[in-house]
Amino acid sequence: MAEVTGMTSEFCESVAVVTVKAGDGVNAMTAAWTVPVSQRPALIVVHIAPQRYSHNLIMEAKEFGLSILADDQMEVSQHAGTLSGRDVDKFESGVLKQKAPKVTSTPVLEGCAATMECKLEKAIAMGDHTIFVGRVVALEKDSSKRPLVLHRGTYYRLTESVGKYY
Ligand SMILES: Cc1cc2nc3c(=O)[nH]c(=O)nc-3n(C[C@H](O)[C@H](O)[C@H](O)COP(=O)(O)O)c2cc1C
């Protein structure tokens, strides 16, 4: 059977930034592969490739922040998603701004549609990514903001509703 590729960009994704403690500082990386998995308990997953600097930092810290970007934060996504914390401090330029955590010791980001503080429940190696399951221990939403959306490698903002689910 021929190997199938290219399916990942067919999904419509929100864009999040994962924050994690890195020594005395904090690292941040963009992740579009995030999804909720349980309401009670509140669990989410984020899929991170083992070669990312953030990968082992999360294994060590056992907690991470998840900031769902607003539609005016494309620059934040590109900054956190194209540089590595191995080479640079991504907070130095001022593009990313930290917001103090409420429950954990890992900051989240300012200006987002929603932020979550997560405790690592489990890390499951799966294909070329690791599935990090996080228990959400703090949630903040800004209902005045809408999420940044990614589809087929292009960023979008939501502008028109076509109906209600609930
Ligand atoms: C829009 C966007 C989405 C991304 N989604 C993911 C993802 O879900 N999982 C992943 O491992 N890398 C993802 N990346 C790539 C990482 O963010 C990128 O490799 C980053 O430089 C890793 O940073 P680090 O080495 O400091 O951890 C994404 C990048 C962008 C720009």
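Helices (H or I, at least four residues) and strands (E, at least two) are taken as DSSP runs and numbered from the N terminus. The structure is a predicted model, in which local features need pLDDT of at least 70, side-chain atom pairs count only at pLDDT 80 or more, and totals for chains, interfaces and linings use all residues. Residue numbering starts from 1 along each chain as its sequence is written.

**Figure 1. Overall fold of the protein.** Two helices and twelve strands make up the secondary structure of the protein, arranged along the sequence as β-β-β-β-β-α-β-α-β-β-β-β-β-β. The radius of gyration is 16 Å, close to the 15 Å that the globule rule gives for 166 residues, so the protein is as compact as a globular protein of that length. This radius is taken over C-alpha atoms, and the globule rule is 2.2 Å times the number of residues to the power 0.38. The C-alpha trace spans about 45 × 45 × 35 Å along its principal axes.

**Figure 2. Surroundings of the ligand.** The ligand is surrounded by 21 residues, of which Trp33, Tyr53, Ser54, Gly81 and Ser84 are the closest. A residue is near a molecule if its C-beta atom, placed from the backbone, lies within 6 Å of it. Strand 3 gives the most to this shell, with four residues. Strand 3, strand 5 (43-48), helix 1 (53-61) and helix 2 each supply at least two residues. By class, the shell comprises ten nonpolar, nine polar and two charged residues. Here Ala, Val, Leu, Ile, Met, Phe, Trp, Tyr, Cys and Pro count as nonpolar, Asp, Glu, Lys and Arg as charged, and the others, Gly among them, as polar.

**Figure 3. Buried face of helix 2.** In helix 2 (residues 74-82), the buried residues are Val76, His79 and Ala80. Viewed down the helix axis, these residues fall within an arc of 85°, so they line one face of helix 2. A residue is buried if 20 or more other C-beta atoms, placed from the backbone, lie within 10 Å of its own. The buried residues of helix 2 pack against strand 2 (16-22), strand 3 (25-31) and strand 8 (108-109), where contact requires C-beta atoms, placed from the backbone, within 7 Å.

**Figure 4. Hairpin of strand 4 and strand 5.** Strand 4 (residues 34-38) pairs with strand 5 in the antiparallel sense over four bridges; pairing requires that DSSP finds at least two bridges between two strands. The two strands form a hairpin with four residues between them. Serine 38 stands opposite leucine 43 in strand 5.

Note on methods: A residue is buried if 20 or more other C-beta atoms lie within 10 Å of its own, exposed if 12 or fewer, and partly exposed in between; C-beta atoms are placed from the backbone. The arc is that of the directions from the helix axis to the C-beta atoms. Two residues are in contact if their C-beta atoms, placed from the backbone, lie within 7 Å.
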